[in-house]
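Hi everyone, and thanks for coming.

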Amino acid sequence: MAQRSLRFLGAAGSVTGSRHLLKNNNEQYLIDCGMFQGARVLRERNWQPLPIEIGALRSVLITHAHLDHTGYLPRLAHDGYRGAVYASQGTAELMGVLLPDSGRLQEEDAAFRNKHRITRHQPALPLYTEEDARRALALLQPQPLDSTLALSAAAQVQFHRAAHILGSCFLEIRLGSGDDARGILFTGDLGRLRQGASQMLGSGPEPPDNVDYLVMESTYGDRLHPDDDVAPRLAELLRAALQRGGVVVIPAFAVERTQKLLFLIKKLMEDQLVPRVPIHLDSPMALAAIEIFLRHTDEFNPATRDLIRRFGQPQNWDHVFFDHSPTASRAINNQAGPMIIISSSGMATGGRVVHHLAQRLPDARNLALFVGYQSPGTLGFEIRSGKNPVFIHKQPVTVRAQVAAFEEFSDHADAEEMISWLRRMPRPPRRIFLVHGEPAASAALAQRIQRELGWNAHPAAWLEEVPLE
Ligand SMILES: [Zn+2]
């Protein structure tokens, strides 16, 4: 009998730091290599060495480009990993933008903390540099969507469309043969099954095949997404803020969410539902991300393709500014409203948006608009929950700006959709491990799976190792 096990090195009891170690006899595979984000207690885990022997790692498999699934890879390369990293073509292209940017932001952030002496560590160090990120990217071996790849004589992986973001996949791994064969499916992040107005990708996730073990995300395991059309409420909020001369600050992940918003806001402006004001895309990678996005229009639904046809490339819109350099970013500070700033990170845990929030939150004319998941412990979560003042770079900042949030932009399946997706699995897996969820969300989904499907589901614990029999 083969010796097999699975160990949860992250995204167990939390939504970030996805890393799962799969052992098959003497072969070891890491599925996702994400960075912990959010509360300090989580971020500090990034500084603990991975409890694996890097030399024994045969390959790294990536579900999708989000940093909570890829952001630790440069550190792995820094620590000596030289094996293959497999990801879909779209994911590989997005990582080519995201990882160097992540390295650069960490270098900028460490420099800022050292300059202003706001660090608990002397000196503050980046987790990794832009150069480490480039070293990691050199290991990438892009794979076509829906393809199957032999990882060894005893293991293969299939990349199925997960419809979460461009290039996203769930991974079906087959180990061994005959009676000893086992299938393990890692969902990564699952996209929406119900197609709403804010969805961009063509269709929902592919149905799952029969497997013996399932490692499933549970971000929205205790919630349902509203199905309302976001456009009228978005238009009303933007119009009110812009008409009072306000600055709208939108913390948004630079890939996918930013493009989705950009095209939606453009449409509202062209339909004269929102005043036509300058839009600043304050991210060094905004332009590159848009170029990748426009290269993969085949993954998008007809409505999105229509918008792209109607408005052309955002690079040519005369009221959109790509603020690539730190100087251009700082210059925004001297500009008065009305205008819109879209900047990352999406949970305001770092990056340029933190500086914009510090500057714009004290003014009652302004609007801070949240369009993504805000994890507890993040600045975004605190502002969204009404905390006042909030502390930014250790300084109190009074929140007078209007604060609003949307759930509808989510690229994650909600609890109902996850159950529907599971129902498509022809027979129940032996075990389901729930990852990538706050404890309450994972527990709620586990109960629901038990109740509605009669299947056994277990929220994974951080560093827990389970045998796969
Ligand atoms: Zn994701």
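Let's begin with a question: is aspartate 189 buried or exposed? Before I answer, please keep in mind that this is a predicted model. Aspartate 189 has a relative accessible area of 2%. The cut-off for buried is under 20%, so aspartate 189 counts as buried.

What does aspartate 189 do in this model? Its OD atom is one of the donors to the zinc ion, along with NE2 of His64, ND1 of His66 and NE2 of His164. The donor distances run from 2.2 to 2.3 Å. Along the chain, the donor residues follow the pattern H-x1-H-x97-H-x24-D. Histidine 164 sits in the loop between strand E8 (155–161) and strand E9 (169–175), while aspartate 189 sits in the loop between strand E10 (182–186) and strand E11 (213–217), so this pair ties together parts that are 25 residues apart in sequence. Histidine 164 is buried too, at a relative accessible area of 1%.

And which geometry does the site of the zinc ion have? The angles among the four donor atoms go from 91 to 166°, and the site is irregular. To count as tetrahedral, all angles would have to lie between 85 and 135 degrees.

Now, on to the helices. Let's take H6 with H7 to start. On the H6 side you'll see Val230, Ala231, Leu234, Ala235 and Leu238, and they meet Leu264, Ile265 and Leu268 of H7. Sorted by class, this contact has eight nonpolar residues, with no polar and no charged ones. If you are wondering about the spacing of such residues, an α-helix has 3.6 residues a turn, so residues three or four places apart point the same way.

H7 contributes Gln259, Leu262 and Phe263, and H8 contributes Ala286, Ala289, Ile290 and Phe293. This contact divides into six nonpolar residues, one polar and no charged.

Let's stay with H8 for a moment. Which residues of H8 are buried? They are Ala286, Ala289, Ile290, Ile292, Phe293 and Leu294. What covers them includes H7, helix H4 (89–115), helix H9 (302–311), strand E13 (279–282) and strand E14 (320–322). Arginine 295 is also in helix H8, but arginine 295 is exposed, with a relative accessible area of 53%. The C-alpha atom of arginine 295 is 16 Å from that of glutamine 143, and the two are 152 residues apart along the chain.

Now for some backbone details. As background, most residues other than glycine have a negative phi, and most peptide bonds are trans. Here are some places that depart from this.

Look for the loop between strand E15 (339–343) and helix H11 (352–360), where serine 345 lies. The peptide bond from serine 344 to serine 345 is cis, and its omega is near 15°. Alanine 348 is in the loop between E15 and H11 as well, and alanine 348 has a positive phi, near 55°. At 3% relative accessibility, alanine 348 counts as buried.

Asparagine 25 also has a positive phi, near 50°. You'll find asparagine 25 in the loop between strand E2 (20–24) and strand E3 (27–31). Asparagine 25 counts as partly exposed, at 45% relative accessibility.

There is a cis peptide bond between asparagine 388 and proline 389 too, with omega about 0°. Proline 389 is placed in the loop between helix H12 (379–384) and strand E17 (390–392).

One last stop: glycine 245, in the loop between helix H6 (230–243) and strand E12 (247–251). What does glycine 245 touch, not counting residues up to four places away in sequence? The answer is Gly337, Pro338 and Arg365. Glycine 245 and alanine 153 are 92 residues apart in sequence, and their C-alpha atoms are 64 Å apart in space.

Conventions. Residues are numbered from 1 along each chain as its sequence is written. This is a predicted model: local features need pLDDT of at least 70, side-chain atom pairs count only at pLDDT 80 or more; totals for chains, interfaces and linings use all residues. Side-chain values use heavy atoms; hydrogens and water are left out. Donors are N, O and S atoms within 2.8 Å of the metal (3.2 Å for Na, K and Ca); water is not among the atoms, so sites may look incomplete. Four donors count as tetrahedral if all angles lie between 85 and 135 degrees; four count as square planar and six as octahedral if opposite donors are over 155 degrees apart and all others between 65 and 115; anything else is irregular. Helices (H or I, at least four residues) and strands (E, at least two) are DSSP runs, numbered from the N terminus. Buried means under 20% relative accessible area, exposed over 50%, partly exposed in between (1.4 Å probe, protein chains only). Contact means heavy atoms within 4.5 Å. Ala, Val, Leu, Ile, Met, Phe, Trp, Tyr, Cys and Pro count as nonpolar, Asp, Glu, Lys and Arg as charged, and the others, Gly among them, as polar.
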